[in-house]
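Thank you all for making the time this morning. I would like to walk you through one structure, going from the chain as a whole to its elements and then to a single residue.

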Amino acid sequence: MILAATPCLQIPAPRLASLSPSRREAVIVRLGHISDLHLSERSRYPRSGFTAKDCERYSAKLARGLLEALHEVGVDHLVVTGDVTLSGEAREFERAAELLEAFSAARKLTVVPGNHDLWTEDSVATGRFLRALGPDGRGMRKAAPSYPHVVPLGDDAALIALDSARFGEDPLSTPGRLGSEQIRAARVLVREHHKAGRAALLAFHHHVVLPPERVRSDALVARMPLADADQVVRLVAELPVAAVLHGHRHTAFRVDLPGVAGPTPVLCAGSGSRTSDEPVRRARAYVYEIDRTGIRSVEALVAGTE
Ligand SMILES: [Fe+2]
Ligand SMILES: [Fe+2]
C-alpha cells in the first residue's frame, strides 16, 4: 500500500510580533486525526441491519496502514472521532482496542464514540464503548460518564473531547446531541484554556455543517445530524475555539465557521478505512501542527491503491 503525504493547508506564520521575546518561540505539537474505522467481522453478518457486503466497504488493513503511517511520521497524540465499529459488537471493540494499542499504551490516544458504537440496545446497556475503549482507549472497569475529556497537547494547546453519540430505536434517523451540560462545560473549558494562553480544540463525532450532497451516503448522514449544532456554531462565534474536529460523514472536507478571532476551521477526517477509490472518499488520516495560536498546517495521509 502506498501512502501519500499531502500538505493540504499551510497557514502563514503565527502572529507573534506583539508577544514578549521569551514567548516568541512557537512550540509545535503534532496531533493525528482519524475517524470512522467501522471495524467488523464479515462472518458475523448479516446483523443489526447490515449485510456482509456492508462490511466490505471498510478495510481494517487500510486502517492499520494509516495508523502505522501516523506512527512513522510521528504524532504527539492521536484523536479518533468515533464510529470505530460497524454495529457496536463486542468483537469489533476488541479489534479496535488491538488496532489502537500502540497509541493507547503510550498514553497518546483520545477516542470519542460515534453513532455506530451505540448501534444496538445491548451495546448501550453494557457500556461497551466505555469498557472496551473509553476516552483514552484503555477501557474502563466500570462505565461512567467520561466527557468532556480534556487532554493537554503540550503546554500550548488542549483537546476537549465531547460525546455526541445518542442511542435511538431507529439508528438511521437518530440525531447526535451534545446536550446543554456538555456545551456549558465546553464553554467553561474553552474560556479557561484561552485565558491560560492555550489553543482549545473541540473533537466529537457528528458534523456541525454538512456541505451540499455529493454522494449517496451524504443523504443518509443528513438524517443523523447533530441536533444542537446551532449551539456549537454559537460557541465558536462567541469564544476562541482553535478548531473543531469530527467524522461521521465519510468524505473529507473543511469548512470555516466565523469565530471571534477570524475563521475557525471545522475539519472532517472522512473514514480511515473506506475502500472507495474516489479521491474524496479514499481512506485517510490527518496530521495537524498546532501551536498556541491554533492549527498551523494540515497534512493528509491518504491510502493509495494496493
Ligand atoms: Fe461513520
Ligand atoms: Fe457516524
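When I speak of helices and strands, I mean DSSP runs numbered from the N terminus, with helices being H or I over at least four residues and strands being E over at least two. What you see is a predicted model, in which local features need pLDDT of at least 70 and side-chain atom pairs count only at pLDDT 80 or more, while totals for chains, interfaces and linings use all residues. Residues are numbered from 1 along each chain as its sequence is written, and chains are lettered from A and ligands numbered from 1 in the order in which they are written.

Let me begin with the overall picture. The protein chain has nine helices and twelve strands. Its radius of gyration, taken over C-alpha atoms, is 18 Å, close to the 19 Å that the globule rule (2.2 Å times the number of residues to the power 0.38) gives for 306 residues, so the chain is as compact as a globular protein of that length. Along the principal axes, the C-alpha trace spans about 60 × 45 × 40 Å. I will call a residue buried if 20 or more other C-beta atoms, placed from the backbone, lie within 10 Å of its own, exposed if 12 or fewer do, and partly exposed in between; buried residues make up 47% of the 306 residues.

Next, strand β3, residues 77-81. Five of its five residues are buried, so the strand is largely enclosed by the rest of the structure. H77, V79 and T81 point one way, and L78 and V80 the other way. Two strands are said to pair if DSSP finds at least two bridges between them. Strand β2, residues 29-34, pairs with β3 in the parallel sense over four bridges, and H33 stands opposite V79. Four bridges also join β3 to strand β4, residues 109-112, again running parallel, with L78 opposite L109.

In helix α3, residues 90-99, the buried residues are E92, F93, R95, A96 and L99. Seen down the helix axis, they fall within an arc of 160°, taken from the directions from that axis to the C-beta atoms, so they line one face of the helix.

Now to the open sheet of six strands, whose order is β5-β6-β7-β8-β10-β9, with mixed pairing. Which strands stand at the edges? They are β5 (149-153) and β9 (252-259), each with a single partner strand, so one side of each is left without a neighbour in the sheet. Strand β6, residues 157-161, and strand β7, residues 199-203, pair in the parallel sense over five bridges, and the bridge partner of A161 in β7 is A203.

Is A243 buried or exposed? It counts as buried, because it has 27 C-beta neighbours inside 10 Å. Two residues are in contact if their C-beta atoms, placed from the backbone, lie within 7 Å. Leaving aside its neighbours within four places in sequence, A243 is in contact with L201, T264, P265, L267, G294 and I295. As for T264, which lies 21 residues from A243 along the chain, the C-alpha atoms of the two are separated by 5.7 Å.
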